[in-house]
Amino acid sequence: MNVIMAGVGGQGIILASDILTEVAMRHGYDVKKSEIHGMAQRGGSVMSHVRFSKQVFSPIIPRGECDILLSFEELETARYLEFLKPGAWIVINRYRLPPPTVSIGKEEYPDVEGIVREKTQRFMFVEADNIALSLGNRRVLNSVLLGVLSTLLEPDVATWEECIAVKLPEKVRDINIQAFRKGRETK
Amino acid sequence: MKKILSGNEAIARGAMEAGVRFASAYPGTPSTEILETIAKEFPQIHAEWTPNEKVALEVAAGASYAGARALAAMKHVGVNVAADPLMTLPYTYIRGGLVLVSADDPDLFSSQNEQDNRNYARFAKIPMMEPASSAEAKDFVKAAYRLSEEFSTPVMLRTTTRISHSKGIVELGEPEDPAEASLERHPAEWVMLPANARRRHPVIEDRLKRLTDFSNSSRFNFIEINDTSMGIIASGAAYQYAREAFPDASFLKLGLSYPIPDLLVREFAAKVKDLWIVEELDPFIENQVRELGIECHGKDRIPLCGELSPDIVRDAVLGAEKKGAKPLNLPVRPPNMCPGCPHRGILWALKKNKCFIAGDIGCYTLGFLPPLDAIDTCLCMGAGINHAHGMSKVLGDGKRKIAAVIGDSTFFHSGMTGLLNLAYNRGVALIVILDNRTTAMTGAQDHPGTGVTLDGSKNIDIDMEGLVRALGINWVQSIDPYDVAMARQKVKEALEQDGPAVIISSAPCALLPSRKVPGVPLRVDADKCTGCKVCLAIGCPSIEFKDKKAIILDTCTGCGICKAICPFDAIGGDV
């Protein structure tokens, strides 16, 4: 199973992919994940690859072999379409963060839905930021998206929630579990 | 017990399990987390940030001379700084195991070049180990200490960004007891005067022969025979890519890639029909294979530049056209200086004084990007001051508006010698020290200027102005970069000096928790805003432009630089 999580710095992508990695290990899989830290962290694009199966070699997903793209920001979705396998699922958070050239009016924010639709019909939009805000903390949007992701993967909800609990400090544990459950209810 | 660790975390864990007592480093992507993990999780190891990589390797060598196992970690270009001790250390008696971790950066995710540091192992005639996963990273560190002590040699362990920053499952082991430190004297092996060093050189050459024997029998080099029509020799991340791209091929995996196992290579080459060498960057293994008189494919097809991937390896070997649709032309998100960053104020002041700005390594290098367009050179740590001096000398009086900017951490790393040279040789350049009290680019590590060490204790307090004066500079002024008008005036004054001038632009990094900023976003008065776009020229991510007016976002820290440069007094709020 090959999952790409994409978005921008500060959206909790690294943590979300850490949680998925832990879930996969607890299900007995070999697992690897790869991402680039460093210069990408300050408002730059962030992408994390998570791979799990009986044995994983490369930590990066080859083009054309991604099963699920979990996108935290609309435009970022469009950057990774060439990684998708035919029949792959795309989950898109309905949230736009204009890149610098767009915010100063030099470029237009692209029609992401149109671009995605040309490639596949297997995509869904999720209001993860709004769901997180309704719970009182926008930062839990990553747990909302993990909830959605979990419905496309292994159904063992208990393991997911244990891993979320392990990876998060106590004071935000409950709200993240709630966010995860809200994500699972999203269709 | 199993745990998911990054390559860097696994190296730290391996050091602990190997009984390492001393670890040193200068922060540099992608190596930084090695020392951070040691400091956080294994306090039994003395871990320290050093001012630069040369110091890091030399203090580690000192610990080794005293009988302790020691580790020095750095990014690939850091090894250039440490190259002086590295080339002679192999001549000396290595008492406690000494491992140098070099984290290379194929594809330049956060570096100024993509040099292949495996070449250093050959240059220094020391063993090179290349882990291909987190599990191997931990395992190889422990093996590297045994190897170092058995052969009395420094050992280089080379990761790449994909090994350092990827995570995988690691089986945790029990720690060994660290060796006790003790004082011994070995002048014939430690005093590298010509007479001693001359006697030590043959020792190295003999050791290389014995290391080759070791390489042939090492469990880190092994053959996997499968379909013999294709045989691949590979190491590090490239092994994983090739293994995935060609699951049916036969493999010779090299964990110890210098010196290569000559007998194993010959045995493998005899068994397979087409021999391929798959490696990132230089033909390091390939050249060693060819020196054995064995024909092979390698860099005739595999790219020399950038990092590999399973699909790049597959396409290169099969000679396939790069598949996939043509890339979409999407707006990019380049890294940018943060909202509230103090560098914007001083870079603006320098630009307004029409300076040529020699840059250095740090966040301020991002000032190169439009719309700021402020940085004119960036070569390596500490180079900016020296560029400025060399340029202003040959340009002569009257033509100079040459400035250099350098961060505080970089200044302590290798800027002080340049500044001393500027004073000593009566230079005329303006040097601006961007003193933000941290090593910001790599994620806010302390350095000698903050006086805070890796264990969190504060030991010294450096007076930056006093230090600059002590280096022979008479004209030194400290400024607040948020006071843009004053900064501009001081730059003008500095440029009028007959001799070298230093401005210390003093304001903490916007990301430091200690930073006292108003934190209240400023607002644009839409009636006063004429849409002139002057505020956009500082490239602040908190300023948008919509419907011919500037808009300030909630990410604004209220630093006030845009307010100061707005010609129409249209930006307000408490500053």
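**Notes on a predicted model: strands, helices and a few single residues**

1. **Strand S1 of chain A, side by side.** A:Asn2, A:Ile4, A:Ala6 and A:Val8 point one way from S1(A), A:Val3, A:Met5 and A:Gly7 point the other way, and all are buried. Keep in mind that this is a predicted model.

2. **Partners of S1(A).** Which strands pair with S1(A)? One is strand S3 of chain A, residues 45–53. It pairs with S1(A) in the antiparallel sense, over 7 bridges. Look for A:Met5, which stands opposite A:Ser48 in S3(A). Another is strand S4 of chain A, residues 66–71. Here S1(A) and S4(A) run parallel, joined by 4 bridges. A:Val3 has A:Ile68 as its bridge partner in S4(A).

3. **A:Thr186.** This residue sits in the segment after helix H8 (170–185) of chain A. A:Thr186 and A:Gly147 are 39 residues apart along the chain, yet their C-alpha atoms are separated by 8.4 Å. Leaving out residues up to four places away in sequence, A:Thr186 touches A:Val126, A:Ile131 and A:Val148.

4. **An open sheet in chain B.** Now move to chain B. Four strands form an open sheet there, in the order S9-S11-S10-S13, with mixed pairing. S9 and S13 (274–278) stand at the edges with a single partner strand each, so one side of each has no neighbour in the sheet. From one strand to the next, the twist averages 15°.

5. **How the sheet is joined.** Take the pairs in turn. S9(B), residues 221–224, and S11(B) pair in the antiparallel sense over 4 bridges. B:Glu224 stands opposite B:Phe251 in S11(B). S10(B), residues 227–234, runs parallel to S11(B), with 5 bridges between them. In that pair, B:Gly231 stands opposite B:Ser250. The chain gets from S10(B) to S11(B) through helix H11 (residues 236–245), and this β-α-β crossover is right-handed. S10(B) and S13(B) also run parallel, again with 5 bridges. B:Met230 stands opposite B:Asp274 in S13(B).

6. **Strand S11(B), buried or exposed?** S11(B), residues 249–254, is mostly covered, with 6 of its 6 residues buried. Both faces are covered. B:Ala249, B:Phe251 and B:Lys253 lie on one side, and B:Ser250, B:Leu252 and B:Leu254 on the other. Note that B:Lys253 is on the buried list.

7. **Helix H11(B).** How many residues of this helix are buried? The count is 10 of 10, and H11(B) is mostly covered. Among the buried residues are B:Tyr239, B:Gln240, B:Arg243 and B:Glu244.

8. **H11(B) against H14(B).** Two packed helices are described by the angle and the distance between their axes. For H11(B) and H14(B), residues 310–318, the axes come within 8 Å and cross at roughly 65°. The crossing is right-handed. H11(B) makes the contact with B:Tyr241, B:Ala242, B:Glu244 and B:Ala245. H14(B) contributes B:Pro310, B:Val313 and B:Arg314.

9. **Helix H13(B).** In H13(B), residues 284–291, the residues B:Phe284, B:Ile285, B:Glu286, B:Gln288 and B:Val289 are buried. What covers them includes H6, S10, S11, S12 (256–258), H12 (262–271) and S13 of chain B. After H13(B) comes B:Gly293, whose phi is positive, near 80°.

10. **B:Ser111.** Find this residue in the loop between strand S5 (98–104) and helix H6 (118–124) of chain B. Why does B:Ser111 count as buried? Its relative accessibility is 18%, and buried means under 20%. The side chain of B:Ser111 makes a polar contact of 3.0 Å with that of B:Lys75. Another polar contact, of 2.6 Å, joins the side chains of B:Ser111 and B:Asp105. Neighbours within four places in sequence aside, B:Ser111 is in contact with B:Thr29, B:Lys75, B:His76 and B:Asp105.

11. **B:Thr32.** This residue also lies in a loop, between strand S2 (22–25) and helix H2 (33–41) of chain B. B:Thr32 is buried, with a relative accessible area of 4%. Not counting residues up to four places away in sequence, B:Thr32 touches B:Asn8, B:Pro27, B:Trp49, B:Thr442 and B:Gln445.

Conventions: Residues are numbered from 1 along each chain as its sequence is written. Chains are lettered from A and ligands numbered from 1 in the order in which they are written. This is a predicted model: local features need pLDDT of at least 70, side-chain atom pairs count only at pLDDT 80 or more; totals for chains, interfaces and linings use all residues. Side-chain values use heavy atoms; hydrogens and water are left out. Helices (H or I, at least four residues) and strands (E, at least two) are DSSP runs, numbered from the N terminus. Buried means under 20% relative accessible area, exposed over 50%, partly exposed in between (1.4 Å probe, protein chains only). A polar contact is a pair of N or O atoms within 3.5 Å; within protein, one must be able to donate a hydrogen and the other to accept it, and residues adjacent in sequence count only if both atoms are side-chain atoms. Contact means heavy atoms within 4.5 Å. Two strands pair if DSSP finds at least two bridges between them. A crossover is right-handed if, with the strands pointing away from the viewer, the path from the first strand over the helix to the second runs clockwise. Axes are lines fitted to C-alpha atoms, for helices over the stretch in contact, and angles run from 0 to 180 degrees between N-to-C directions. A crossing is left-handed if the near helix is turned anticlockwise from the far one by less than a right angle, and right-handed if clockwise.
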